[in-house]
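Grab a pencil and take a look at the model below.

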Amino acid sequence: NEISNLSIEIERIVQDHLKYDRENVSDLWELIHHEGEMKVYRREVEENGIVVDPLKCFHTVKGVTGHEICHYFFDPLYRMEWETTLDSTKVIETPDKDNLDTLVFFQIHKRVWPAAQRDSCFWSHIRSVSTNEEDQPVWIVVNYTTDHPLAPIKSPFVRLVANVALTCETQIVEPPLNPKDIKRENLRCKLTYVAFVNPGGWAPAAALRAIAKREYPKFLKRFTSYVVEQTRDKPILF
Ligand SMILES: O=S(=O)(CCO)c1ccc(-c2ccc(C3CCCC3)c([C@H]3C[C@H]3c3ccccn3)c2)cc1
């Protein structure tokens with residue numbers, strides 16, 4: 001039925017991301033932005049004349065955990081506080097009321113000249129995966145395009161196709177003897193962000209590449225700074 005088909009798809013896509021995303025980039029990837037700990041790479045790929053360049057970002061964020069980064073990325077409550085590229089966001093379905101780890105979003109993206117305005121509909125899933133005993137669990141959020149009756153394709157909007165994942169590892173730097181004494185200065189989150197976005201309709205290749213080169217680093221810098229600010233005086237969420 002619906003739920004089981006969705007959970008089968010979620011399992012397949014999440015496992016793929018867990019397996020591949022943290023792999024280092026090959027020399028097929030071009031470094032398009034390097035700022036401090038943040039490195040943003042892209043491969044130039046076109047499908048039927050449409051730019052679908054995969055994007056991969058590695059970043060290390062001090063003072064926060066992977067759980068905190070994924071929590072603020074997933075939870076709709078904060079979306080419009082860090083996302084500056086959206087006109088609106090709405091949760092149109094909670095597939096499993098007893099387990100709020102999966103939501104279906106419908107989003108209207110701000111128009112980015114000269115492209116037509118985009119909207120998107122995707123399931124969003126958050127999960128922690130324990131690696132081995134002593135390390136912190138890996139946290140991941142996946143946003144993956146889905147159709148939905150409450151997200152009809154309506155002109156003039158062009159529907160995006162997106163497969164995006166944010167995967168985070170938490171490192172404890174110079175761990176104190178007693179784990180209860182861990183402070184935020186002992187925390188470091190190593191995150192990988194991958195985005196496979198098909199703009200869903202023709203947009204000028206050069207323009208789209210320029211928009212992506214400008215927008216992704218801005219977006220990742222703003223989002224991670226937002227989480228550092230929001231968590232500064234709060235108890236650590238491991
Ligand atoms: O991480 S998420 O899942 C967060 C969801 O709230 C995510 C982030 C970004 C996008 C997105 C949407 C539209 C565009 C294009 C297509 C034509 C004109 C805009 C782009 C490309 C251009 C790049 C870009 C990157 C970041 C922000 C905006 N623009 C990216 C989708 C989902």
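This is a predicted model: local features need pLDDT of at least 70, side-chain atom pairs count only at pLDDT 80 or more; totals for chains, interfaces and linings use all residues.

**Exercise 1.** Find out which residues are closest to the ligand and which side chains make polar contacts with an oxygen atom of the ligand.

*Solution.* Start with the surroundings: 19 residues surround the ligand, and the closest are Glu 83, Gln 107, Asn 143, Leu 160 and Tyr 193. Next, check distances, using 3.5 Å as the cut-off for a polar contact between N or O atoms. Tyr 193 passes, with a polar side-chain atom 2.7 Å from a ligand oxygen. Asn 143 passes too, at 2.9 Å from its side-chain N or O atom to an oxygen of the ligand. For Gln 107, the side-chain distance to a ligand oxygen is 3.0 Å. Now for the cover: on its own the ligand exposes 640 Å², and the protein buries 96% of that.

**Exercise 2.** Work out what kinds of residues make up the shell around the ligand, and which element gives the largest share.

*Solution.* Sort by type and you get 11 nonpolar, four polar and four charged residues. Then sort by element: strand S7 (102–109) and helix H4 (205–231) each supply at least two shell residues. H4 gives the largest share, with six residues. As for the space itself, the ligand takes up the largest pocket.

**Exercise 3.** How many residues of helix H2 are buried, and which ones?

*Solution.* Go along residues 66–74, counting a residue as buried if its relative accessible area is under 20%.

Conventions
Residues are numbered from 1 along each chain as its sequence is written. Side-chain values use heavy atoms; hydrogens and water are left out. Buried means under 20% relative accessible area, exposed over 50%, partly exposed in between (1.4 Å probe, protein chains only). Helices (H or I, at least four residues) and strands (E, at least two) are DSSP runs, numbered from the N terminus. A residue is near a molecule or strand if one of its heavy atoms lies within 4 Å of it. A polar contact is a pair of N or O atoms within 3.5 Å; within protein, one must be able to donate a hydrogen and the other to accept it, and residues adjacent in sequence count only if both atoms are side-chain atoms. Accessible areas come from the Shrake-Rupley method with a 1.4 Å probe; for residues, only the protein chains shown count as cover. On a 1 Å grid over the protein atoms alone, a cavity is a set of points where a 1.4 Å probe fits but cannot get out, and a pocket is an open set with protein on both sides within 12 Å along at least five of seven lines; lining residues have an atom within 4 Å of a point. A molecule sits in a cavity or pocket if more than half of its atoms lie within 2 Å of its grid points. Ala, Val, Leu, Ile, Met, Phe, Trp, Tyr, Cys and Pro count as nonpolar, Asp, Glu, Lys and Arg as charged, and the others, Gly among them, as polar.
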